[in-house]
Amino acid sequence: MKPATRFASAWRLAPAARFALVVLVVALWPLAHRGLVLRERVNPWKLGGFAMYASYETQLSALFRVTGEGFRLVDEAGLPPAGRAAFARFRARRAALGRLASPDAAVAAIHAERPDLEHLVVVVQRLWLDRASAHVASEKDTYLYEAGRPVR
Amino acid sequence: MAVAGGAEPTADRHASAAARERIRDFRRFLLVYSAARSWLWVTFPGGATPLLIGAALLASAGAALAFRLRGEDLAARLVLAAVLAQAAWHFPYGANHLYLEIVCLACLALVRRGSDGRDEALALAALRWVTALVLFHTGLQKLFYGLYFRGEFLAFMAGSDERFGRVFAWLLPTDELARLASLDRKQTGAGPFRVDSPLLVVASNAVWIAELTLPALLLWTRTRVLGALGGVALMLGIQVAALELGFALLFVNLLLLFLPGRWNARMLPAAVTLLAWGLLAALGVVPGSPTDWNLL
């Protein structure tokens with residue numbers, strides 16, 4: 001078969017391959033999604049993994065200021081508008097994207113408006129229905145910041 | 001030559017013509033659905049943005065084009081572009097059925113004019129595979145998370161969600177329902193979300209077992225109709241508790257692709273009526289709320 005003919009035959013097969021590719025994505029994505037849920041704590045209900053109504057999960061994010069006496073909850077209503085909006089956006093994205101959503105940008109925006117908030121901590125509590133105990137279980141991710149920059 | 005080989009090409013032509021009709025019917029439903037949903041997004045708080053209004057106009061143009069024989073192949077591509085823009089705008093908060101809508105639109109957008117029904121046959125096969133796979137994955141995910149074997153997830157929802165509580169009041173003793181409702185779900189250690197109700201455990205297991213077995217029935221030609229009817233029954237059953245009308249409308253229309261005859265065309269007036277109610281209710285013209293029914 002001449003190369004040109006071979007190319008023409010492959011092109012004729014292409015429409016079926018294109019449809020097959022769409023089907024393949026639907027077949028494989030939910031498995032990858034399961035991996036993202038386990039590893040990155042992505043919300044099972046989000047991102048098209050078809051795990052809605054399969055489990056309960058929520059993530060609650062809070063901003064704390066580090067003082068000599070420990071952590072003190074920052075009153076978000078008292079933050080300037082851009083910082084407040086950035087943290088609200090982070091909170092919503094975190095609830096859907098899990099660890100794929102970092103608080104870095106939100107804290108940087110807060111610090112840009114309120115440089116006095118030098119030492120900040122973001123705590124994200126993940127709550128889920130544990131299948132072994134049938135009770136609500138939880139874990140926390142903590143992010144430390146100095147002058148708006150993450151402390152790794 | 002023409003006589004000897006005539007029977008098979010004729011059968012192929014009939015199959016292609018049937019696939020063309022079925023894809024045309026499904027395209028009309030899906031594009032009307034996408035256009036209506038797009039306008040619903042616009043009616044909700046913060047939704048009247050230039051991007052969403054533009055996407056709704058584009059989706060409406062695509063839906064109108066789907067009812068003309070000339071340009072119907074272009075219709076799905078227009079609507080796909082509109083819905084992709086909406087999904088990007090709404091990311092990562094889009095519901096699973098928004099992604100299903102995109103996958104279905106992608107299948108329709110791949111159909112080329114002048115393929116003589118071959119692309120429509122491929123699109124029909126792809127949409128059927130997508131339907132079976134989505135159903136299978138919903139069951140598989142329930143298996144992975146393991147919260148259906150003893151009814152834990154349904155017990156959790158029964159006490160926290162009014163929709164679920166309404167249904168499970170029939171399956172649970174009153175004091176048990178009251179106990180579940182009193183638990184603070186945002187408190188570590190709250191529980192146990194297990195109940196002594198064989199009926200609830202049976203219902204819970206029936207859901208994932210049906211979701212895993214119906215796709216097998218759908219894929220085998222001889223049991224396809226049974227699988228499709230079972231799927232529709234499952235959707236109706238789930239609607240009683242979950243009220244996910246947007247997903248149900250789309251998924252039932254996908255299941256109708258497995259039935260003999262043009263059921264998507266027959267059901268189109270009912271779908272249009274439902275979507276029109278959603279839009280009019282969102283505008284306050286008729287009673288009800290499309291958000292209560294998740295018609296988004």
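Begin by selecting helices α4 and α11 of chain B, whose crossing is left-handed, a term that applies when the near helix is turned anticlockwise from the far one by less than a right angle, with clockwise giving right-handed. Helices here are DSSP runs of H or I with at least four residues, and strands are runs of E with at least two, both numbered from the N terminus. The model is predicted, so local features need pLDDT of at least 70 and side-chain atom pairs count only at pLDDT 80 or more, while totals for chains, interfaces and linings use all residues. Residues are numbered from 1 along each chain as its sequence is written, and chains are lettered from A and ligands numbered from 1 in the order in which they are written.

Helix α4(B) covers residues 96-109 and α11(B) residues 245-256, and the two pack at an angle of about 30° with their axes 9 Å apart; axes are lines fitted to C-alpha atoms, for helices over the stretch in contact, and angles run from 0 to 180 degrees between N-to-C directions. The pair is therefore roughly parallel, since angles under 35 degrees count as roughly parallel, over 145 as roughly antiparallel, 65 to 115 as roughly perpendicular and the rest as oblique. To see the contact, show H97(B), L100(B) and E101(B) on α4(B) together with G246(B), F247(B) and L250(B) on α11(B); residues are in contact if their C-beta atoms, placed from the backbone, lie within 7 Å.

Next, select α9(B), residues 198-219, and α10(B), residues 224-242, whose axes come within 7 Å and cross at roughly 150°. That angle makes α9(B) roughly antiparallel to α10(B), and this crossing too is left-handed. Among the residues that make the contact are A210(B) and L214(B) of α9(B) and G227(B) and G230(B) of α10(B).

Now turn to α3(B), residues 72-90, where 19 residues at 1.5 Å each should span 27 Å, and the end C-alpha atoms are 28 Å apart, which agrees; the expected span is 1.5 Å times one less than the number of residues. Its buried residues include A76(B), V79(B), L80(B) and V83(B), where buried means that 20 or more other C-beta atoms lie within 10 Å of the residue's own, exposed 12 or fewer, and partly exposed in between, with C-beta atoms placed from the backbone.

Which residues have the most contacts inside the largest nonpolar core? They are V79(B), L105(B), C107(B), A123(B) and L127(B), in a core of 106 residues, a nonpolar core being a set of buried Ala, Val, Leu, Ile, Met, Phe, Trp, Tyr and Cys residues joined through C-beta atoms within 7 Å. Helix α5(B), residues 118-145, gives the most to this core, with 15 residues. If you centre on L105(B), its contacts beyond four places in sequence are L30(B), A76(B), V79(B), L80(B) and V83(B).

For the interface, display both chains: 38 residues of chain B are in contact with 34 residues of chain A. On the side of chain B that touches chain A, α5(B) gives the most, with 14 residues.

Finish at R262(B), in the loop between α11(B) and α12(B). With 16 other C-beta atoms within 10 Å, R262(B) is partly exposed, and beyond four places in sequence R262(B) touches E21(B), R22(B) and D25(B). The C-alpha atoms of R262(B) and F26(B) are separated by 9.2 Å, although the two are 236 residues apart along the chain.

Conventions. Contact = placed C-beta atoms within 7 Å.
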